[in-house]
Amino acid sequence: MKLPYAVTVNDEKGTEELAIKFAKELQNGQVIILNGNLGSGKTFFIKKVMKHFGINYVNSPSFAIVNEYESKIKAYHFDFYRLMNMDELFDIGWQDYLNDADAVIFIEWGELINEALPKERLEIFITILEGTMRKFEFIKYE
Amino acid sequence: MIVLGIESSCDETSAAILSGNNILSNLISSQDFHADYGGVVPELSSRAHLQIIKPLVDKALKESNLNCADIDLITATAGPGLIGALLVGLTYAKGLAFSLNKPFIAVNHIEGHIFSGFLMEDKPEFPLLTLVVSGGHTLLLYVKSFMEIQQLGTTVDDATGEAFDKVSKMLSFGYPGGPKIQNASKIGDEDKIKFPVAVLKKPYNFSFSGLKTSVLRYIQKNFSNVNDIPEKEKNDIAASFQKAVVIALMQNTERALHNYDVKSISLVGGVAANAKLRNEITILSKKYGKKIIIPSLEFCGDNAAMIALRGKSLFESGRQDSLNAKPYPSLGENYFHTS
């Protein structure tokens, strides 16, 4: 996947194929931000990436703020949706998660606390098109 | 036996004292310690737990007319939840157990909810079918005894409470969504829009992500701007959405009633506060001639009384945990037996 990369998928199956392609290039220490409206499929994309690594219990961390998964890789799955400010994020140990070089970090609704995001990150923008169609854009920031 | 329970898995800090099956005290930070401490503390925070925990435990003991030395068993939530938050309650409890030289039990938060019906005067009877509905979880469980819990189904994406929160946000009602959707539903027409109920391969699993998306599509299709939705329409959407959620939950519950030998049904967790859900599951239980136990509102949300009670039943079954017990963030895939 040469970045920046943009692609349109027709349905969930297309998203799954894209997620597997993405998973194959995933590296420890990467921070991935997923941006997109409610129902755009942020959690679904992560679910399919993690499935590639044998983790089948991914669900939305909107309430829990962060889910942790460990098998072939270790992943922290954040959702900033419910957070009020950066203080709350730091107070639940944000630095510790961020400094774990052995883990991959996914963040849904990262734009809500933009100032907490590391400079080096990959952002995925998901746009809802007609029906089940979605546009995915991958952009690297360094 | 005097049992101290401590809960700090997410937003709430809670401390409770049980004497046998009697609840002497059950204090919850958001209700009992609203602005008692100085400074601005984020709502969701390990620091807030840290500041509140000792005064809360002290207050619970005082309310119960007891001293630390009177405690026979110390219990605390070890997971699932936020590690930073869990650490506070768990570490405090372990420290207390060590200093008082009392036995300690690390309790699973979901197990606390599962048996919360036993906090009521009228107790559930085994085998028990339990529906756990909260912000982070949605589970259907077949509970044969205090030690035999079988998971029939779980959500494959969003939890029930989360679906409420997100639809509430779409309708710009705000957070938390549960009470807001419920209030709007009271005046809305629940038959106005037919939102889909997910059909899944595994008959007891739940999915609310598709429902969330279809509410979003409905809004986008019919209104150019979220701020343009008339109040009446918002209420109708809320009511129709709530109905779809309740149907999904009740369908699987009814299916389980057909296939499992059940004496009583229990509805637990934060979303068990929803009036329509309480009402519909009560109707279902009557239809099948089963006893129904739904905890009072105080015991639906996160509370330490349920942790103390669960800790006590584990202790009585012979378990005792080491003071090395660690917090854990997730339930994982196979925490409960699935067959």
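Reader: How much area do chain B and chain A bury between them?
Author: In this predicted model, the two chains bury about 2,500 Å² between them. Carbon and sulfur atoms account for 56% of that area.

Reader: And how many residues are in contact there?
Author: On chain B there are 30 residues in contact with 27 residues of chain A.

Reader: How many salt bridges are there between chain B and chain A?
Author: The count is one salt bridge. R82(A) and D11(B) meet through their side chains, with 2.9 Å from N to O.

Reader: Okay, and how many residue pairs are in polar contact across the interface?
Author: Eight residue pairs are in polar contact between chain B and chain A.

Reader: Which elements give two or more residues to the side of chain B that touches chain A?
Author: Those are α2 (46-63), α5 and α7 of chain B. The largest share comes from α5(B), with five residues.

Reader: Let's go back to salt bridges. How many are there over all chains?
Author: A search of the whole structure gives 22. As a general idea, side chains of opposite charge can pair when their charged atoms come close.

Reader: Nice. What does R121(A) pair with?
Author: R121(A) forms a salt bridge with E123(A), at 2.6 Å from N to O.

Reader: Are those two buried or exposed, and why?
Author: R121(A) counts as buried because its relative accessibility is 16%, under the 20% cut-off. E123(A) is also buried, at 6% relative accessibility.

Reader: Now chain B. Which residue does D158(B) form a salt bridge with?
Author: D158(B) pairs with K212(B), and their closest N and O atoms are 3.0 Å apart. This pair links distant parts of the chain, 54 residues apart. D158(B) sits in the loop between β8 (148-154) and α5 (160-170) of chain B, while K212(B) is in helix α7 (residues 209-222) of chain B.

Reader: Is that pair buried or exposed?
Author: Both D158(B) and K212(B) are buried.

Reader: What about K276(B), which residue is its partner?
Author: K276(B) forms a salt bridge with E280(B), and the closest N and O atoms are 3.6 Å apart. They are separated by about one helical turn, because they are four residues apart in helix α9 (residues 275-287) of chain B.

Reader: Which residues are linked in a network of salt bridges?
Author: K192(B), K232(B), E233(B) and D236(B) are linked that way.

Reader: Changing topic: how many helices and strands does chain B have?
Author: Chain B has 11 helices and 10 strands. Its radius of gyration is 20 Å, close to the 20 Å that the globule rule gives for 339 residues, so chain B is as compact as a globular protein of that length.

Reader: What box do its C-alpha atoms fill?
Author: The C-alpha atoms of chain B fill a box of roughly 65 × 50 × 30 Å along the principal axes.

Reader: And what share of chain B counts as buried?
Author: Of its 339 residues, 57% count as buried. Looking at contacts in chain B between residues at least 6 apart in sequence, 74% join residues at least 24 apart.

Reader: One last thing: what is the phi of I65(A)?
Author: I65(A) has a positive phi of about 75°, although it is not a glycine. I65(A) lies in the loop between α2 (42-52) and β3 (66-70) of chain A, and is buried with a relative accessible area of 0%.

How values were computed: Residues are numbered from 1 along each chain as its sequence is written. Chains are lettered from A and ligands numbered from 1 in the order in which they are written. This is a predicted model: local features need pLDDT of at least 70, side-chain atom pairs count only at pLDDT 80 or more; totals for chains, interfaces and linings use all residues. Side-chain values use heavy atoms; hydrogens and water are left out. A salt bridge is a side-chain nitrogen of Lys or Arg within 4 Å of a carboxyl oxygen of Asp or Glu. Buried means under 20% relative accessible area, exposed over 50%, partly exposed in between (1.4 Å probe, protein chains only). Contact means heavy atoms within 4.5 Å. Buried area is the accessible area (1.4 Å probe) that two parts lose on being put together, summed over both. A polar contact is a pair of N or O atoms within 3.5 Å; within protein, one must be able to donate a hydrogen and the other to accept it, and residues adjacent in sequence count only if both atoms are side-chain atoms. The radius of gyration is taken over C-alpha atoms; the globule rule is 2.2 Å times the number of residues to the power 0.38.
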